[in-house]
Structures are given as structure tokens and as C-alpha cells.
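Trainee: I would like to learn how to read a model residue by residue. Please put it on the screen and pick a starting point.

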Amino acid sequence: MIEWLDIIWSDLASQFFNPKKRLFLGYLLSASVIATVWLCLIKRHSIGSAIRTFFDRKVWFSRSSRHDLASFLINRVIFFWLRPVLLTQLAIATLIFELLHQQTVIPLGLFEGAGYWTAALSFTLVFFLFDDFTRFVVHFALHRIPALWDFHKFHHSAETLTPLTVTRTHPVEGLVFTARSALVQGVTIAGFVFLFGNQVDLLTIFGVNIFVVTFHGLGSNLRHSHIAIRYPQAVERLLMSPAQHQLHHSQSERHYDRNFGVTLSVWDRMFGSFHHSVSETLSFGIGKETARFTGSIWSMYWLPVRSLARRLARVCLANARPITRAIPSFRARNY
Ligand SMILES: [Zn+2]
Ligand SMILES: [Zn+2]
């Protein structure tokens with residue numbers, strides 16, 4: 001009992017002390033500084049007013065924020081118990097490596113003579129691009145597939161945004177993203193080791209991909225905040241600004257299904273879901289459903305599961321109907 005509490009406690013602490021995690025204190029600090037500077041320079045606040053605006057009690061202590069905190073803690077416990085059943089990137093990498101060895105089109109060690117820096121830089125870049133693209137694809141699917149949207153509502157039901165909102169996800173969505181992450185890491189590692197040999201290395205700062213550190217260090221946490229930092233339009237066409245992700249959370253119908261990207265906005269442009277940030281004040285949530293969905297923290301966990309059960313029941317009934325139609329006596333008894 002004490003042992004698992006210890007593990008959960010160190011997992012919780014790692015969320016804030018590990019630079020691989022979005023909520024690392026260094027990233028939170030840099031986001032606070034960027035927000036304050038932006039409010040002072042662009043919005044012409046005094047330093048005191050900027051700090052008061054950033055730490056607005058109505059945002060940080062809202063009911064929605066309390067749900068963020070509750071789900072953050074509950075999810076850490078759930079994932080502690082789920083950990084043994086999760087697929088690891090090592091298992092996937094081994095499988096892909098075996099498959100690559102069996103094919104005869106691409107020769108083993110094709111780029112072995114490329115040199116350390118070429119191998120490391122291309123690995124780091126491809127890894128970052130593949131990771132960002134698959135996040136876009138999964139996020140796109142979470143919105144477009146009704147059964148998945150039921151679970152993604154958990155994230156979108158937030159009415160105020162703080163950095164902790166990033167962790168406000170239903171465990172089923174967490175499982176989908178964990179599988180995605182294992183797949184991306186497994187495929188990239190196996191592919192690069194097959195092509196470049198053992199010289200493959202990730203270019204890192206504090207043990208984290210340099211592109212990821214840059215993204216988080218430059219205020220990724222402001223995506224979930226009330227500080228609507230906008231980039232110049234030319235930049236927003238390449239990189240997703242905090243205000244663009246906030247637009248993704250807007251409950252105005254005009255903004256539905258826009259800006260699925262995480263770091264890069266080029267995927268949204270390629271798939272027709274791109275939207276520039278807007279200067280208007282946005283309201284967040286899932287419209288009329290918000291009140292019922294967020295009635296309690298338990299309803300947020302339970303309602304998506306109930307919706308899925310009902311969908312499955314409908315599918316089963318639809319499949320069962322032709323059989324019952326084929327047996328008239330059975331129909332006569334049951335209808
Ligand atoms: Zn979304
Ligand atoms: Zn979000």
C-alpha cells in the first residue's frame with residue numbers, strides 16, 4: 001500500500017520536475033514571464049496590472065480549474081494501475097526492426113556512412129515532425145469520429161483554461177495518446193537504427209529533444225491560458241500560436257473543428273482546418289452540454305463510457321435485426 005503511494009507521489013512530482021513533461025516548473029516559469037512581458041509591451045499594462053491579470057482568481061480558482069486539478073490527480077492514479085498493460089515503444093521498435101529485416105527492398109545500413117551529425121540531426125527532426133503530425137491526426141480523429149468525440153469532450157468541457165487543462169483528458173483518450181507515442185517512438189527508432197546503424201542519437205537539451213524544449217520553453221503552456229498571445233499572420237501559418245489553440249476551444253460554431261495542430265500549423269493548412277487567431281474574446285466549453293457534462297467530476301468520467309456502451313448496443317441491435325427478421329416465429333413471440 002505504502003509502496004504504490006510512493007510511486008504515485010514520485011510520478012506526480014516528476015510532472016513538475018522532469019523537463020520531458022509539459023508542466024515542468026521551468027516551462028511554467030518561462031510561460032509566466034512571456035505572458036507578463038506580452039501584457040506589458042503589447043497590451044500596455046503596468047507590471048502590477050500584468051501580474052494581476054495573469055493570476056486572475058476567476059480563472060485559476062474557477063470550478064472548471066478545480067475539475068482540472070481533480071482529473072489530473074485521478075488520472076495519475078488510474079495510469080499507475082494501467083501501466084503494466086500499456087504497450088511499450090521497445091516492443092514496437094523490436095517488431096518493426098524484425099519486419100524491416102525481412103523485407104528486401106531497402107538495404108540494411110543504407111546511410112551508415114552519413115556521419116554522426118547528419119544522422120543525429122535527421123533523427124531529431126524526423127522524430128519531432130512525425131510526433132507532431134501524428135498528434136494532429138489523432139486530434140483530428142478525436143473530433144471527427146463521434147465515439148471518440150464523446151471522450152474528447154472531457155478536455156473541451158473546460159470553461160477556463162490554465163496550464164493544467166492540458167492534463168484534463170479522459171483516461172481513454174490518454175490510452176490513445178500513449179499508444180500513439182509508443183508507435184511513433186518505436187517506428188522512428190527502428191527505422192533509423194536500420195538505416196543509419198548505431199550512430200543514431202537524439203539531439204537534446206536536459207535529455208529532451210531540442211525542438212520540444214524550444215516549443216515548451218517559448219510558452220507552450222500559454223495555449224491553455226486566458227492570455228491570448230497572437231503571432232503575426234505569416235508566423236501563424238507555420239507555428240500554432242496560443243490564441244489559435246484557444247480558438248480551438250471556442251464554443252462558437254464558427255470555430256468548430258479548427259486548429260488541431262500542436263506545434264506546427266502546417267498540418268491544419270494541408271487538411272483544410274486552419275484558422276488564424278482572432279482578436280475577439282472567446283468563451284470556452286461544449287455549448288449547452290457543458291453544464292450536464294461537468295455536473296460532477298464523476299459524470300465527466302462516466303458519461304463518455306455510457307455513450308460508448310449505448311453506441312455499441314445500437315450496433316449490436318442493428319446487426320441482430322436481420323437474423324430476427326429471418327425467423328418469423330421468433331419475431332411473433334418478441335414483438
Ligand atoms: Zn480538441
Ligand atoms: Zn486544449
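Mentor: Start with Gln-244. Gln-244 counts as buried because it has 25 C-beta neighbours inside 10 Å. The cut-offs: buried means 20 or more other C-beta atoms within 10 Å of a residue's own, exposed means 12 or fewer, partly exposed is in between, and C-beta atoms are placed from the backbone. A word on the source: this is a predicted model, where local features need pLDDT of at least 70, side-chain atom pairs count only at pLDDT 80 or more, and totals for chains, interfaces and linings use all residues. Residues are numbered from 1 along each chain as its sequence is written, and chains are lettered from A and ligands numbered from 1 in the order in which they are written.

Trainee: Where is the place of Gln-244, and with which residues is it in contact, leaving aside its neighbours within four places in sequence?

Mentor: Gln-244 sits in helix α12, residues 242-248. Helices (H or I, at least four residues) and strands (E, at least two) are DSSP runs, numbered from the N terminus. Contact means C-beta atoms, placed from the backbone, within 7 Å. Beyond four places in sequence, Gln-244 contacts Glu-236, Asn-259, Ser-265, His-275 and Ser-277.

Trainee: Asn-259 is among those contacts. What is its phi?

Mentor: First the general idea. Most residues other than glycine have a negative phi. Asn-259 is not a glycine, yet its phi is positive, about 55°. Asn-259 lies in the loop between α12 and α13. Asn-259 counts as buried because it has 28 C-beta neighbours inside 10 Å.

Trainee: And Asp-257: buried or partly exposed?

Mentor: Asp-257 counts as partly exposed, because it has 14 C-beta neighbours inside 10 Å. Asp-257 is in the loop between α12 and α13 (266-270). Asp-257 also has a positive phi of about 55° and is not a glycine.

Trainee: How do I read the sides of a helix?

Mentor: An α-helix has 3.6 residues a turn, so residues three or four places apart point the same way. Take α2, residues 25-41. Its 17 residues reach 24 Å from first C-alpha to last, close to the 24 Å expected. That expected span is 1.5 Å times one less than the number of residues. Tyr-27, Ala-31, Ala-35, Trp-38 and Leu-39 are buried in α2. They cover an arc of only 100° around the axis, so they are on the same side of α2. The arc is that of the directions from the helix axis to the C-beta atoms.

Trainee: Which residues are exposed on the other side of α2, and what covers the buried ones?

Mentor: Leu-29, Val-33, Val-37 and Leu-41 are exposed there. The cover over the buried residues includes α3 (47-54) and α10 (210-217).

Trainee: Which residues of α10 are buried?

Mentor: Val-212, Phe-215 and His-216. Their arc is only 90° around the axis, so they share the same side of α10. Their cover includes α2, α7 (116-144) and β2 (208-209). Just after α10, Gly-219 takes a positive phi of about 95°.

Trainee: How many residues of α8 are buried?

Mentor: Eight of the 11 residues of α8 (residues 146-156) are buried, so the helix is largely enclosed by the rest of the structure. Among them are Asp-150, Lys-153 and His-155.

Definitions and conventions. Contact = placed C-beta atoms within 7 Å.
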